[in-house]
Amino acid sequence: METRQRQALPEAFTEKMKELLREESEEFFESYEQDRVFGLRVNPLKAGTLFCHENSGNRQPGELLEREPFEDAPQESGLEEEMSGEKLSETTVLNSLIGRMTPVPWCREGYYYAEELRPGKHPLHEAGAYYIQEPSAMAVVEALAPVPGERILDLCAAPGGKTTHAAGRMLGKGILVSNEIHPARAKILSQNVERMGIANGIVTNMDPAGLIPYFPEFFDGILVDAPCSGEGMFRKDEEARMEWSPEHVALCAARQDGILDCAARMLKPGGRMVYSTCTFSPEENEQTVSRFLSRHPEFSLRTPAIAGFFSEGRPDWADKNPELSKTVRIWPHKTGGEGHFLALLVKGGGGSFGEGRKEQNGSGTREKEEGWNRDRQKTGRQTKDWQVKGRFQRKSRQKNSQTAAEAADILCSDVIRLPERLMEGRKPVFFGENLYLVPEEMPEMDGLRVLRPGLHAGTVKKGRVEPAHGLAMFLKAEEAAQAAEIGAGETAWKYLRGEVLTEQDLCGSSMPQKGWVLVTVDGFGAGFAKASGGVLKNHYPKGLRRS
């Protein structure tokens, strides 16, 4: 790995790390002379398990592929020019890309890539085939280990790396609530949830305390990737270095205490919670966990399954409780990634999952009612506009439910050939003119600030139901009534710019019949077009189009 001039670090931070690491500090500081590493996770919601590898550091690039890489793939340049003009078979380009990467040992979907590959500038990224993520950050969801059918909360979720990782493990089953307190970041989170084709995801924009009345002891697993001083990102983030101060560390630690207390109230007995930061400060790591355990004796620490890849936590940097050695520290001078900390906490105590559901579905406690009232006073009823124009005008919530089901039927008949996976475990609901498919077990959302209440399936326009971009990102080619492959070269960029497509732009197929068409890039759904007059009229969202 090439070296570079050591970055200027805050003096107080340097002195602090020297005191903490002692003889190891020089090796730590030398890591700042090394180039950062880059990583991505392949999206199993789109690519299945074809590109997943075993959690082992002994694999070689390309060893795990079930298909041969593209023969003419360049080895030393970016991907932008790689496939221009080629007629490609399914996932040929992704094969070529992954074949030039090295597996991340602790994440079976994760790969290191060379910076010059620039996969974030490729049409496959826009099609949701993978998510760009720093490799150390992949350990957090690995520690939580969500499975299909669970109820998972990502409490501080933007921009969406851990949410999309969890969604890939849940395979569209269960409930995934992703919350972000900052509106602009919540919007980015919502866009990434859509891009990755997540059907069981709900995106909210709430203070953590505002979620408690809706989800008392509701979740099987909670991710708390807490706002922190960002010391672990100094190598890649100049802004984090500029903003650092001992006072900022103390402020973050106090904020983390409050966030964890909120999360504890939403975790069901027997549930698990992963607390993580991207900082080195013991005040925000071992000491935060120690303070939490003192306030919540019903919780205990567990050693995550991925702990063997990393270093143990440091009890001597907190209250010397030996249990803190079950926490995990990821050091940049020991691991191929940036600095991270994580702790796996399990909630004990009585009660049952069924009792929690009864509470949520019943009339509610006084605390819950007061919480709703406080939130309404601050924000108003964010879902009050249930009116739908045209043939789906509603007069009552029951009527809305009926017309939403009708709209879903129309949409399926026009756009989808195999609707089984789409409708499984989901109910159609209108939010304004937009038709969403919401997980059936999702509690009432009135009063919540909801950016995305489920899979955006369609929009009612002049009595018609037009398919939404979110539906295109969810669908597989074989599930669509009509699909057209355009490859991953210049034609893909033509589509992403919003241009009309002709039969010459299609890979090995004739122009589809009149109607809605799922446009695929290297086999992955990328958006809709409408066949009419011998061309495909572009319906890629204007807000996402490339210049």
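Two strands pair if DSSP finds at least two bridges between them. I kept this criterion in mind while I examined the model, which is a predicted one.

**Entry 1. Strand β13 and its partners**

I looked up β9 and β13 and noted that the two strands pair in the antiparallel sense over six bridges. Within this pairing, I found Ala-343 of β13 to be the bridge partner of Tyr-275.

I then turned to strand β10, residues 299-302, which pairs with β13 in the antiparallel sense over four bridges. Here Leu-301 stands opposite Leu-345 of β13.

Strand β12, residues 328-330, is also paired with β13 in the antiparallel sense, over three bridges. I recorded that Ile-330 stands opposite His-340 of β13.

**Entry 2. Burial of β13**

I asked how many of the residues of β13 are buried. Strand β13 covers residues 340-347, and eight of its eight residues are buried, so the strand is largely enclosed by the rest of the structure.

I recalled that side chains in a regular strand alternate between the two faces of the sheet. In β13, I saw His-340, Leu-342, Leu-344 and Val-346 point one way, while Phe-341, Ala-343, Leu-345 and Lys-347 point the other way. The residues on both sides are all buried.

**Entry 3. The annotated position Cys-278**

I consulted the UniProt record, an unreviewed entry, which places the feature "active site" at Cys-278. I located Cys-278 in the loop between β9 (267-277) and α12 (286-295).

Which residues does Cys-278 touch, leaving aside those up to four places away in sequence? I listed Cys-228, Gly-230, Glu-231, Gly-232, Met-233, Gly-339 and His-340. Of these contacts, His-340 is also the residue of β13 that faces Ile-330.

**Entry 4. Helices α11 and α12**

I next examined how helix α11, residues 246-266, packs with α12. Their axes are 10 Å apart and form an angle of about 45 degrees.

For the contacts, I wrote down Ala-253, Gln-256, Asp-257, Leu-260, Asp-261 and Ala-264 on the side of α11. These meet Thr-288, Arg-291, Phe-292 and Arg-295 in α12.

**Entry 5. Helix α7**

Leu-171 follows α7, and I recorded a positive phi for Leu-171, near 55 degrees.

Terms used
Residues numbered from 1 in each chain as written. Predicted model: local features only at pLDDT ≥ 70, side-chain atom pairs only at ≥ 80, totals over all residues. Heavy atoms only, no water. UniProt positions renumbered as here; feature names shortened; annotations may be inferred. Contact = heavy atoms within 4.5 Å. Buried < 20%, exposed > 50% of the residue type's maximum accessible area, 1.4 Å probe, protein only. Axes fitted to C-alpha atoms, helices over the stretch in contact; angles between N-to-C directions.
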